[in-house]
Amino acid sequence: MSGAPESPIDGQVFMLAAAKASVAPSKLSDLLSRVQADVGGRLDVYRRDFERVAQQDDREVFLVPTGHWEQIADRLDFGERERKAVARAHAEQLRSIGSDTGRNDEFETALEIREAVVVGT
């Protein structure tokens, strides 16, 4: 179950990110849908250029260089708060997957130097 239509973010993760974000949940839902439309069309690029750290039936998770969310935000004309909100949702999704798979420490360490992008498949 997605937290937002057309988004690979789980409902519980969406609610956590929305609670921490400085944007309304309805706005976050729209932002996540827009991000999915953008990154979903670039899945082959992500597979080729970045490390895939998780793969599930409906999504793949990649670690990307710090600053990658700024590039996405620029492309989609997001403000700073919007960028931070969607980046947080994607990072929280990676943490949730890490918790479910026993890879918490690995993913936390990775998030210290890189960012997570979750792409619905």
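Predicted model: local features only at pLDDT ≥ 70, side-chain atom pairs only at ≥ 80, totals over all residues.

Student: Which residue forms a tilted aromatic pair with Tyr46, at 5.6 Å centre to centre?

Tutor: Look for a ring whose plane makes 45° with that of Tyr46. Both members of the pair are buried. The partner is Phe62.

Student: How many residues apart in sequence are the parts that this pair ties together?

Tutor: Tyr46 lies in helix 3, residues 43-49. Phe62 sits in strand 2, residues 59-65, so the pair ties together parts whose separation in sequence is 16 residues.

Student: How many aromatic pairs does a search of the whole structure find, and is the pair of Tyr46 and Phe50 stacked, edge-to-face or tilted?

Tutor: The search of the whole structure turns up 2 aromatic pairs. For Tyr46 and Phe50, the ring centres are 5.3 Å apart and the planes meet at 40°. Stacked needs under 30 degrees and edge-to-face needs over 60.

Student: Which residues do ring pairs link into a cluster?

Tutor: Put together, the cluster is Tyr46, Phe50 and Phe62.

## The whole chain

Student: Let's zoom out. What pattern does the protein chain follow along the sequence?

Tutor: The chain has 6 helices and 3 strands. Read along the sequence, they follow the pattern α-α-α-β-β-α-α-α-β.

Student: Why is the chain said to be as compact as a globular protein of that length?

Tutor: Along its principal axes, the C-alpha trace spans about 30 × 25 × 25 Å. For 121 residues the globule rule gives 14 Å, and the chain is close to that, so it counts as being as compact as a globular protein of its length, with a radius of gyration of 13 Å.

Student: What percentage of contacts with a separation of 6 or more comes from residues 24 or more positions apart?

Tutor: For background, buried residues make up 49% of the 121 residues. As for those contacts, the share from residues 24 or more positions apart is 67%.

## The largest pocket

Student: Which element gives the most to the lining of the largest pocket?

Tutor: The pocket holds about 210 Å³ of space. Two elements give two or more residues to its lining: strand 3 (114-120) and helix 5 (80-101). The one that gives the most, with 7 residues, is helix 5.

Student: How many residues of that lining are charged?

Tutor: The lining includes Trp69, Arg83, Lys84, Arg88, Arg95, Arg114 and Glu115. Arg, Lys and Glu count as charged, while Trp counts as nonpolar. The lining divides into 5 nonpolar, 1 polar and, for the charged group, 6.

Student: Is Lys20 buried, partly exposed or exposed?

Tutor: Lys20 is found in helix 1, residues 11-20. Leaving out residues up to four places away in sequence, Lys20 touches Arg88 and Glu92. Buried would need under 20% and exposed over 50%. The relative accessible area of Lys20 is 45%, so it is partly exposed.

Student: How far apart in space are Lys20 and Ala85, C-alpha to C-alpha?

Tutor: In sequence, Lys20 and Ala85 are 65 residues apart. In space, C-alpha to C-alpha, their separation is 8.0 Å.

Student: Is Glu82 buried or exposed?

Tutor: Glu82 is found in helix 5. Among the residues it touches are Val23, Lys27 and Asp77. With a relative accessible area of 16%, under the 20% cut-off, Glu82 is buried.

Student: Where is Asp77 found, and what is its phi near?

Tutor: Asp77 is exposed, at 69% relative accessibility. It is found in the loop between helix 4 (68-76) and helix 5. Most residues other than glycine have a negative phi. Asp77 has a positive value, near 60°.

Student: Last one: which helix holds Gln36?

Tutor: Gln36 is buried, with a relative accessible area of 13%. Its contacts include Glu6, Pro8 and Val118. The helix that holds Gln36, residues 25-40, is helix 2.

Definitions and conventions. Residues numbered from 1 in each chain as written. Heavy atoms only, no water. 1 Å grid on protein atoms, 1.4 Å probe; cavity = no way out; pocket = protein on both sides within 12 Å on 5 of 7 lines; lining within 4 Å. Points joined across faces, edges and corners; volume = space filled by probe spheres on them. Helix = DSSP H or I, 4+ residues; strand = E, 2+ residues; numbered from the N terminus. Phe/Tyr/Trp six-rings, centres within 6.5 Å; stacked < 30°, edge-to-face > 60°. Buried < 20%, exposed > 50% of the residue type's maximum accessible area, 1.4 Å probe, protein only. Rg over C-alpha atoms; globule rule 2.2 N^0.38 Å. Contact = heavy atoms within 4.5 Å.
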